[in-house]
Amino acid sequence: MEAILTVNNLKTTFLTGSGAVQAVRGISFQVGKGEIVGIVGESGSGKSVSSMSILRLLPGTARIDRESSIVFDGQELTGLTPKQLRQIRGKRISMIFQDPMSSLNPLIPVGKQVEEMLKIHHKELTREQLRRQVLELFGQVRIPEPEKRLKEFPHQFSGGMRQRVMIAMALANKPDLLIADEPTTALDVTIQDQILKQLRTLQQESGASIIFITHDLGVVAELCQRVLVMYGGLIMEEAPIDDLFENPGHPYTMGLMASIPALNQDKTGRLPSIPGSPPDMTNPPQGCPFAPRCPYARKICAAQCPPYVSLGENRRSMCWLLQPDAPAENNPFRKEAAR
Ligand SMILES: Nc1ncnc2c1ncn2[C@@H]1O[C@H](COP(=O)(O)OP(=O)(O)OP(=O)(O)O)[C@@H](O)[C@H]1O
Ligand code: SF4
Ligand SMILES: [Mg+2]
């Protein structure tokens with residue numbers, strides 16, 4: 001796999017009045033050219049901060065550790081000046097967020113906003129060329145009646161259509177990497193499904209790589225080839241999507257899987273969720289971050305963070321129970337031995 005992005009030991013901390021929030025605590029991963037990688041995890045696990053760190057779209061209170069490295073297409077991004085980063089942002093790497101309304105200007109027609117995005121990086125385009133490209137982009141993301149709609153304002157669009165405008169904007173400059181942070185979470189299931197299908201088609205046509213962030217493992221299954229499961233600012237498990245579903249390699253992944261609607265909704269429509277709540281990142285556990293909620297936790301778990309164990313190609317997981325000398329009792333990875 002040829003990598004478009006290689007993140008190494010990324011640590012991002014926020015300096016706040018109530019202490020340092022250790023949002024991302026040393027994560028490493030790669031994204032291949034043309035690959036769709038999912039980042040999944042509950043609220044607060046560090047998904048957004050990880051992706052915002054790539055383009056340094058972080059508030060002034062954020063610090064990226066000196067030893068962290070983010071290499072995009074052969075170029076180290078952590079040392080770039082804000083001006084150099086702006087050359088990359090929106091052109092070679094673009095982002096889509098959950099709430100398109102907050103990224104769109106309510107006072108400017110949507111077509112104009114997409115044009116502006118094109119203009120930043122392509123000053124040479126004439127007005128007519130810009131208009132034609134916007135129409136083409138609207139067509140690509142299946143916005144009906146594009147001629148009419150490009151003159152309309154964001155409030156005249158439904159949530160799903162607004163998200164399509166955002167995707168058009170993100171694709172305008174043919175990026176090599178698209179980071180989509182919960183782009184379908186606020187949409188109803190049918191629209192969500194349409195947008196996911198469309199992202200997949202657009203990815204196939206453009207060959208771009210995608211990092212898709214979601215708290216929903218079901219969505220990851222539909223779209224991604226590989227997934228990183230995050231918890232407490234760390235990657236708990238990394239796996240090709242089919243392997244993960246067939247054979248989850250981490251108790252936290254097992255917990256997430258039990259809460260996928262299609263698989264596990266009971267008659268009342270309630271979803272089982274993992275009991276307990278995520279750790280306080282101003283004072284994260286020194287051992288395995290999942291220990292306070294893990295049904296398999298034992299003494300060592302709270303004391304020391306487990307090392308990664310390789311479970312095959314592109315597969316790793318950090319859990320003490322995967323160590324060769326781990327006891328078989330109450331060990332979900334040793335079902336045979338326990339019988
Ligand atoms: N600007 C900030 N200042 C201080 N702490 C922050 C800031 N932004 C995020 N955090 C903290 O960093 C941690 C990771 O947050 P992040 O937004 O990455 O979570 P997430 O996985 O994207 O969650 P969600 O699913 O809710 O979007 C959380 O503990 C959060 O409270
Ligand atoms: S290391 Fe321990 S607490 Fe963490 S997931 Fe594995 S068994 Fe559970
Ligand atoms: Mg987030």
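This is a predicted model: local features need pLDDT of at least 70, side-chain atom pairs count only at pLDDT 80 or more; totals for chains, interfaces and linings use all residues.
Then colour helix H8, residues 189-206. This helix supplies 3 of the lining residues, the largest share. The space inside comes to about 30 Å³.

Next, the other cavity. The search of the whole structure finds 2 cavities of 30 Å³ or more. Select Cys 288, Cys 294, Cys 301, Cys 319 and Trp 320. Of the 13 lining residues, these are the closest to the cavity centre. What is the make-up of this lining, by nonpolar, polar and charged residues? It has 12 nonpolar residues, 1 polar residue and no charged ones.

Now turn to the packing. The largest nonpolar core holds 60 residues. Select Phe 138, Ile 167, Phe 212, Leu 217 and Tyr 252, which touch the most other members. Colour domain 1 (3-92 + 173-338) and domain 2 (100-172) separately. Both give residues to the core, so it lies between them.

Zoom in on Phe 212. Leaving aside residues up to four places away in sequence, Phe 212 touches Val 37, Gly 38, Ile 39, Ala 180, Pro 183, Thr 184, Leu 196, Leu 199, Val 219, Leu 223 and Cys 224.

Last stop: a second, separate core of 33 residues. Select Leu 10, Val 31, Ile 70 and Leu 77, which are among its members.

Key. Residues are numbered from 1 along each chain as its sequence is written. Chains are lettered from A and ligands numbered from 1 in the order in which they are written. Side-chain values use heavy atoms; hydrogens and water are left out. A nonpolar core is a set of buried Ala, Val, Leu, Ile, Met, Phe, Trp, Tyr and Cys residues joined through side-chain atoms within 4.5 Å. Buried means under 20% relative accessible area, exposed over 50%, partly exposed in between (1.4 Å probe, protein chains only). Domain bounds come from an automatic or database domain assignment. Contact means heavy atoms within 4.5 Å. On a 1 Å grid over the protein atoms alone, a cavity is a set of points where a 1.4 Å probe fits but cannot get out, and a pocket is an open set with protein on both sides within 12 Å along at least five of seven lines; lining residues have an atom within 4 Å of a point. Grid points are joined across faces, edges and corners, and a volume is the space filled by probe spheres set on the points. Ala, Val, Leu, Ile, Met, Phe, Trp, Tyr, Cys and Pro count as nonpolar, Asp, Glu, Lys and Arg as charged, and the others, Gly among them, as polar. Helices (H or I, at least four residues) and strands (E, at least two) are DSSP runs, numbered from the N terminus.
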